[in-house]
Amino acid sequence: MDYPLALIGYPIQHSLSPWIHRTFLEETDLKGNYTIEEIFPARFESEIQYLLDKGYVGFNVTLPFKQKIIPLLDELDDNAKQIGAVNTVVKRNNRLIGYNTDGIGYIRTLEQYYPEFMKNKEKHILIIGAGGAARGIYFALNQFGFQSIDITNRTTENALEIVKGKAAKTYSEVISLSKAQENLKKYDLIIQTTSVGMKPNTEQSPLQLHNLKDSVIVSDILYQPIWTNFIKDAVAQGARIHLGHTMLLNQAQYAFEIWTGKQPSIKGMDQKLKQILEG
Ligand code: ATR
């Protein structure tokens with residue numbers, strides 16, 4: 001079978017997904033390609049149907065179309081439903097099925113880098129941010145069984161909206177950024193999911209890290225740059241760190257499995273990706 005795959009979004013000229021998925025195709029010995037299909041947002045309605053009919057067996061969807069694509073799909077998996085956004089679509093028996101691989105991708109990277117962390121479900125977790133990525137990560141941690149996950153965000157209502165859908169056994173508080181900053185010592189894992197600190201505004205940080213727990217893991221899902229100010233602060237404070245490009249690889253790996261049924265190895269790719277991103 002042939003696997004014509006694509007990425008739909010705007011702007012996507014500098015996306016790393018083609019490199020990742022072409023490497024996966026090579027690694028799994030499957031025939032196919034991964035193309036970029038940039039659609040200018042104002043032309044989404046007129047161009048998307050043509051792309052959906054074009055013969056791709058799978059595609060990724062990125063900003064700004066992760067929600068706009070939903071009405072055009074025949075089915076959504078439970079994660080995509082719960083998150084309300086789709087980043088992966090597969091065409092099966094001529095039906096378009098939407099998935100969201102962010103949360104599972106994040107869980108896989110934690111399992112890969114900090115397996116011992118996953119064994120104790122009573123650890124205290126703080127998520128900074130309440131956008132699409134935060135939602136995916138929150139529900140994945142919830143499903144995994146973590147019992148204490150707080151959220152802090154600039155806009156409290158967005159965080160409250162996420163917590164509404166939590167599992168019964170999970171305890172979650174929504175707190176202000178200043179309260180979070182005062183109480184950082186409580187947390188075993190702090191996950192930064194906002195766009196604050198992303199290129200070109202690399203001098204910014206959503207909050208200042210200080211007074212951390214000894215064994216804390218500080219995670220940033222941004223990967224442009226990999227060394228955000230938030231991560232640099234964590235290093236300076238002696239925290240263990242978890243870098244954003246690893247989530248990119250793991251969510252791509254899960255998307256590739258959805259399309260092809262094969263799990264490509266990502267061994268060694270994180271180092272290569274890190275080198276690419278560090279220029
Ligand atoms: P994604 O899908 O990548 O998660 P998003 O849905 O646009 O992106 O979410 C962006 C997150 O970054 C949100 O938590 C947003 O906070 P609000 O809910 O208050 O909008 C946060 N964010 C973006 N710019 C910010 C800024 N300048 N200061 C603080 N938080 C910011």
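The model you are looking at is predicted, so local features need pLDDT of at least 70 and side-chain atom pairs count only at pLDDT 80 or more, while totals for chains, interfaces and linings use all residues. Residues are numbered from 1 along each chain as its sequence is written, and side-chain values use heavy atoms, with hydrogens and water left out.

That pair belongs to strand 11 (residues 217-220) and strand 12, which run parallel and are joined by 3 bridges. Strands (E, at least two residues) and helices (H or I, at least four) are DSSP runs, numbered from the N terminus. Two strands pair if DSSP finds at least two bridges between them. Strands of a sheet pair through backbone hydrogen bonds, either parallel or antiparallel.

Next, find the ligand. Among the residues that surround it are Gly129, Ala130, Arg154, Thr155 and Ser195, each with a heavy atom within 4 Å of it. How far is an oxygen atom of the ligand from a polar side-chain atom of Thr155? The distance is 2.4 Å. A ligand oxygen also lies 2.9 Å from an N or O atom in the side chain of Arg154, and one is 2.8 Å from a polar backbone atom of Ala130. Pairs of N or O atoms within 3.5 Å are called polar contacts. On its own the ligand has 640 Å² of accessible area, and the protein covers 64% of that; such areas come from the Shrake-Rupley method with a 1.4 Å probe.

The unreviewed UniProt entry has a "binding site" annotation on Asp78, Gly129, Ala130, Gly131, Gly132, Ala133, Ile221 and Gly244. These span 167 residues in sequence and the farthest two C-alpha atoms are 24.5 Å apart, so they do not all gather at one spot. Asp78 itself sits in helix 3 (residues 78-83).

There is another open sheet of 6 strands, in the order 2-1-3-5-6-4 and with mixed pairing. Strand 2 (31-38) and strand 4 (75-76) are at its edges with a single partner strand each, so one side of each has no neighbour in the sheet. Helix 1 (residues 17-28) packs on this sheet, touching strand 1 (2-9), strand 2 and strand 3 (58-61).

Finally, look at some loops. Most residues other than glycine have a negative phi, and most peptide bonds are trans. Yet a cis bond joins Tyr10 and Pro11, with omega about -5°, and Pro11 is in the loop between strand 1 and helix 1. Asp29, in the loop between helix 1 and strand 2, has a positive phi near 65°.

How values were computed
Contact = heavy atoms within 4.5 Å. Axes fitted to C-alpha atoms, helices over the stretch in contact; angles between N-to-C directions. Polar contact = N/O pair within 3.5 Å; in protein donor to acceptor, adjacent residues only side chain to side chain. UniProt positions renumbered as here; feature names shortened; annotations may be inferred.
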